[in-house]
Amino acid sequence: MTQVKERAKLAAQQEFPDADILPAGWIPAELDRAMLALETLHVDDFAEKFRDCYRMLTEPASEPEVPEQTAEILFQPFLVNEDDEVAYVPTPVIKYRDESGEAHYTHRESRYEELVGEPHLTKFQITLPPIEFDDGAYEFPDGFQIFIIEHLLAQLRDVYHHVGEEPPEYCKETDIWGKPLTTEDEEYYD
């Protein structure tokens, strides 16, 4: 039933593109825009905008409040403008747990709600667990830029599977994981 419901939501969003039915990360055409924005972002600009993301993803304990081995997931939002350019990248947020198991988040002050409501900006989010890359794999910045694009490609592939459709051929070529299920997703509670 969930797959039918999600397919109906996607169809409704495609029929009424101005309606606020699904977030951009669940709309194939929007994910294509996000990938295009990252692909056309010069590597030097990517390095400047996503440096903290790479550091916090590969060394979460480099954040003073995050003890070793407690980071669970990193949230890196970014905004794309109507020209399919990366317009804004706030500080990433790490979810971690203290000794009692209580969840905490870094950089709550990096909120940017005033920009999210802008009609010319679309919010996307990279959601990943801490990662230790093999030596030489996905080196920063150019290799990591490719990794993020591949992650969004996998997310696109997963969206097609989620709604019961066969993904396009270009989506099938990636073996990386897409968006992990989080408490922000209704399916998390099923």
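**What stands behind the terms**

Modeller: Read along the sequence, the chain runs α-α-α-β-β-β-β-α-β-α-α, which gives six helices and five strands; helices (H or I, at least four residues) and strands (E, at least two) are DSSP runs, numbered from the N terminus. This is a predicted model, in which local features need pLDDT of at least 70 and side-chain atom pairs count only at pLDDT 80 or more, while totals for chains, interfaces and linings use all residues. Residues are numbered from 1 along each chain as its sequence is written, and side-chain values use heavy atoms, with hydrogens and water left out.

Biologist: Why is the pair of glutamate 165 and arginine 7 called a salt bridge?

Modeller: A salt bridge is a side-chain nitrogen of Lys or Arg within 4 Å of a carboxyl oxygen of Asp or Glu. The closest N and O atoms of glutamate 165 and arginine 7 are 2.7 Å apart, so the pair meets the rule of within 4 Å. Glutamate 165 is in the loop between H5 and helix H6 (169-172) and arginine 7 in helix H1, 158 residues apart, and the pair thus links distant parts of the chain.

Biologist: How do you know whether arginine 33 is buried or exposed?

Modeller: Arginine 33 has 17% relative accessibility, and therefore counts as buried.

Biologist: Which residues are linked with arginine 33 in a network of salt bridges?

Modeller: The network links Glu30, Arg33 and Asp84. Glutamate 30 and arginine 33 both lie in helix H2, three residues apart, about one turn of the helix, and their closest N and O atoms are 2.6 Å apart. The side chains of aspartate 84 and arginine 33 also meet in a salt bridge (2.6 Å, N to O), with aspartate 84 in the loop between strand S1 (71-81) and strand S2 (86-88), 51 residues apart from arginine 33.

Methods: Buried < 20%, exposed > 50% of the residue type's maximum accessible area, 1.4 Å probe, protein only.
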